[in-house]
Amino acid sequence: MQDIARTVAVLATGGTIAGTAARATDNIGYSAAQLGVRALVDAVPALAEVPLVTEQVAQLDSKDMDFAVWEALAARVAHHLAKPDVAGVVITHGTDTLEETAYLLQRLLAPTKPVVMCAAMRPATALLRDGPQNLLDAVTLARQPGARGVMAALSGTVHSAFDVRKVHSYRVDAFGSGDAGVLARIEEGEVRRLREWPAGEPLGLELAGRTDWPWVEIVTSHAGARPDGVRALAAAGVRGLVVAGTGNGSLHHALEDALVEAQKAGVTVWRSTRCLDGPVQMKPGDRLPSAGTLTPVQARIELMLQLMRA
Ligand code: SIN
């Protein structure tokens, strides 16, 4: 009974879940980030029974996510998690960069309570909107006894922040967990856990007021790749480069030479893969280190965090 009384903090940042279109049949020509957090919550009658605190942390299309919003969001998540009566936090977010925010928050905070990312592929005005069910599921997961870590609850599926990735540009069931597989399912308000909750140690890095987010870019290896882009980035002062290589992180020779030059000039260079799943495994003779199992966007965040701590 005590758990049922525990509060969930719902922090809104925008996205399609808060988007509106002129016609209910329009699933792509909408404006993201139009409705406030109260409207999202009020669209789910079952949430009237749940003690919630709501906060509008930002209101943006997540393609425009930036460091200032990340700083504010990390601070607000930490603030709410520290309250003894708060069971967990739900973050409404756009689907496009959800995996980046999830990975960042997990690495920064490694929360011992659940922090659940929630989004939608259809705007709030759509005939078949997915936002309300996803929000209800996210709140259910945020109140799940024993749950911990940053996760995403989408289409009845729970993904770990370490694994979640957007794998489809249109389908409602648009997220996957790659090789690792999904963390849990939410069925009729019941959480069916399939593997361990995400865990780790908080980095202990203070983001508030930072003006020194290191400049890290992602470049891609492909047919006809040229060295010029990497050289221009290095000359312009980039601090880190993540290269999305082919297969096991292999690189077009022209690009690899430029990346090795950049590395010698002090730029940190990591190799990841364009493949949707799988690690980059090091082998004798490799000239650039592997980003392991991190996707290119995760590797970029990890590299920024490591450069900030250096
Ligand atoms: C966004 O990422 O903010 C827009 C797209 C979406 O939420 O599906």
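Start with the whole chain: the C-alpha centres of domain 1 and domain 2 lie 31 Å apart. Colour residues 4–193 as domain 1 and 216–309 as domain 2; these bounds come from an automatic or database domain assignment.

This is a predicted model, in which local features need pLDDT of at least 70 and side-chain atom pairs count only at pLDDT 80 or more, while totals for chains, interfaces and linings use all residues. Residues are numbered from 1 along each chain as its sequence is written, and side-chain values use heavy atoms, with hydrogens and water left out.

Stop 1: Select the contact residues (heavy atoms within 4.5 Å). Domain 1 gives 14 residues and domain 2 gives twelve. Together the domains bury about 1,100 Å², 57% of it on carbon and sulfur atoms. Buried area here is the accessible area (1.4 Å probe) that two parts lose on being put together, summed over both.

Now pick Glu100, Tyr103 and Arg165. This trio supplies 44% of the area that domain 1 buries against domain 2, more than any other three residues.

Stay on Arg165. Its side chain meets that of Asp277 in a salt bridge, 3.2 Å from N to O. The rule (a side-chain nitrogen of Lys or Arg within 4 Å of a carboxyl oxygen of Asp or Glu) finds two salt bridges across this interface.

**Stop 2: the ligand.** You get Gly15, Thr16, Tyr30, Asp61, Ser62, Gly94, Thr95, Asp96 and Ala120.

Next, check distances to ligand oxygen atoms. A polar side-chain atom of Thr16 is 2.9 Å from one. For Thr95, a side-chain N or O atom lies 2.5 Å from a ligand oxygen. Taken alone, the ligand exposes 250 Å², and the protein buries 95% of that (Shrake-Rupley method, 1.4 Å probe).

Definitions and conventions: A residue is near a molecule or strand if one of its heavy atoms lies within 4 Å of it. A polar contact is a pair of N or O atoms within 3.5 Å; within protein, one must be able to donate a hydrogen and the other to accept it, and residues adjacent in sequence count only if both atoms are side-chain atoms.
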